[in-house]
Amino acid sequence: MKSLVECIYHHSLEQPEKVAIIGTDITVNYSQLWKLTSSVAGLLKEKGLKKGDRVILEADHTIEFLACCYGIHLAGGVHVPVENAVPEARVNEIASEIQPAMIITGAHPFEYFGTSFDELFAMSCDNWEFPTSDMLQEILFTTGTTGKSKGVMITHYAQMNMCVSQNKTLNYSKDNMWLIPTPMNHAAGLRKTHMSMERGSSVVLIKGFTNLKLFFDAMREYKVTSIYLPPAGVHYILQLASKELAKYNDQLDFLYSSSSALPGGDKEKLIDTLPDVRKFDAYGGSEVGAVCYIDYNAHRGDARCMGKPNEGAEVYIVDEHYNRIDATEDEPGIIAIKSNTVTAGYWNEPVLTANTIQNGVIYMSDLGYIDDEGYLYLVGRRDDVINIGGLKIAPTEVEDVALRHPTVDECVLISYEDKFKGKTLKMLVKLNEGYELDVEGLISHLEENLEAYKVPKAIETIDEIPRTFNGKIDRKKFR
């Protein structure tokens with residue numbers, strides 16, 4: 001099969017009554033999901049949508065959103081998701097870039113067509129054809145944490161290869177029930193749903209992980225067998241509800257976290273909380289999907305280890321001129337990926353595309369190295385690595401150590417200009433409830449676990465660490 005909508009169609013014939021998606025609005029089986037998808041595709045064509053036209057669609061954890069998403073695919077359009085409750089200025093900014101044929105925002109996208117679930121279920125739409133693999137499927141706009149937001153173009157071919165490769169690596173069961181509480185406008189939530197549609201399994205969508213009652217009610221009611229969470233979500237649940245999470249050790253097959261590195265302290269606590277559950281960390285990006293996985297329950301060690309490449313992906317390290325090198329922990333290089341999942345490029349950014357993607361290889365914004373056994377280690381983003389007197393410091397390594405201190409809830413390492421010492425390191429910490437800042441104690445803890453040049457010279461408290469909608473530290477705000 002060459003597209004996700006083709007997969008949904010075949011599942012609707014082979015397992016029509018199987019639950020496909022449990023949304024915050026209704027639940028649909030594969031037969032109903034196909035009916036909604038094909039009906040929306042017909043309405044889009046009636047409104048004049050042509051192949052290759054872009055459609056901005058506000059994302060949500062609803063069947064309405066996903067029926068429109070897959071309807072756009074089936075109609076030959078290009079889905080451009082934006083975050084839930086998106087500011088109008090952000091929609092206008094993206095619209096000025098991509099010149100969309102349609103903009104569908106609001107909590108109820110069916111209102112755009114002047115229709116309802118019942119009317120869509122009653123429609124008969126046979127005027128459709130599956131998209132070809134070379135057509136654009138989606139344009140995902142990055143969060144812009146390291147600079148200007150970019151529109152990542154994904155073809156149906158690349159998306160299908162992402163789904164097949166990742167499902168195979170995860171040994172993803174067709175009987176899986178996957179709980180997805182993360183935003184649906186980006187790789188975090190949307191692509192996990194795509195993976196389930198390719199496999200023919202089921203997903204449960206809930207809006208966020210901070211409502212712990214809602215989270216665990218869904219776990220129990222729908223007999224969830226896997227969870228996707230960003231590192232911030234893992235940390236939150238471990239801090240507030242680890243005993244409740246431990247009750248699902250026998251029910252869960254795996255827990256998957258990505259978007260940014262999961263701190264080692266949380267990995268260890270998660271292993272203790274769910275000792276029999278497979279636990280995956282992954283490396284990749286919007287431009288290429290997840291290309292490396294590690295089950296850190298089975299392969300324990302350095303928190304920066306991202307595992308080995310998926311089947312069909314080649315990962316290696318290059319210098320700033322894109323020549324292959326033998327990088328080390330002390331002298332990391334740029335991570336390069338050759339895969340059939342690589343983006344078609346960045347929308348309206350020909351120079352950036354040419355500089356980043358060459359001959360099917362994408363050169364990432366991350367630094368890393370590969371050990372003698374072929375495991376990839378992530379050091380940090382090129383723009384995030386701090387250079388102090390020629391010595392390079394990856395903030396995530398220092399933050400990981402700090403997070404193991406009992407007083408620290410969240411933290412971020414930054415550089416700043418000291419009027420006497422020049423450029424140096426400072427750490428901003430959000431303390432766990434009931435603790436006061438112990439600068440000497442925290443610095444002593446860092447000195448015991450890090451080289452001297454990586455230890456910050458100043459530590460201050462902060463009320464909140466700003467994050468993007470998908471849970472990453474918004475480091476751009478600290479530059």
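Mentor: We'll take the nonpolar cores, then the aromatic rings. Keep in mind that this is a predicted model.

Trainee: Fine. How many residues are in the largest nonpolar core?
Mentor: It has 56 residues. Ile21, Leu170, Trp178 and Tyr256 touch the most other members.

Trainee: And which helix gives the most to this core?
Mentor: Helix 3, residues 63–74. That helix puts in nine residues.

Trainee: What else lies apart from that core?
Mentor: Another core, with 37 residues. Its members include Met162, Ala313, Leu376 and Tyr377.

Trainee: Switching to rings. How many aromatic pairs does the structure hold?
Mentor: There are 22. In one of them, Tyr369 and Tyr377 are stacked. Their centres are 5.0 Å apart, with 5° between the planes.

Trainee: Which residues form the aromatic cluster?
Mentor: Tyr172, Trp178, Tyr228, Phe254, Tyr256, Phe280 and Tyr293. You've met Trp178 and Tyr256 already, in the largest nonpolar core.

Trainee: Now charges. Where does the charged end of Lys267 sit?
Mentor: Over the ring of Tyr296, 4.8 Å from the ring centre.

Trainee: And what does Lys47 lie over?
Mentor: The face of Tyr112. Lys47 is 5.1 Å from that ring centre.

How values were computed. Residues are numbered from 1 along each chain as its sequence is written. This is a predicted model: local features need pLDDT of at least 70, side-chain atom pairs count only at pLDDT 80 or more; totals for chains, interfaces and linings use all residues. Side-chain values use heavy atoms; hydrogens and water are left out. A nonpolar core is a set of buried Ala, Val, Leu, Ile, Met, Phe, Trp, Tyr and Cys residues joined through side-chain atoms within 4.5 Å. Buried means under 20% relative accessible area, exposed over 50%, partly exposed in between (1.4 Å probe, protein chains only). Helices (H or I, at least four residues) and strands (E, at least two) are DSSP runs, numbered from the N terminus. Rings of Phe, Tyr and Trp (its six-membered ring) pair if their centres lie within 6.5 Å; planes under 30 degrees apart count as stacked, over 60 as edge-to-face and the rest as tilted. A charge sits over a ring if NZ of Lys or CZ of Arg is within 6 Å of the ring centre and within 35 degrees of the ring normal.
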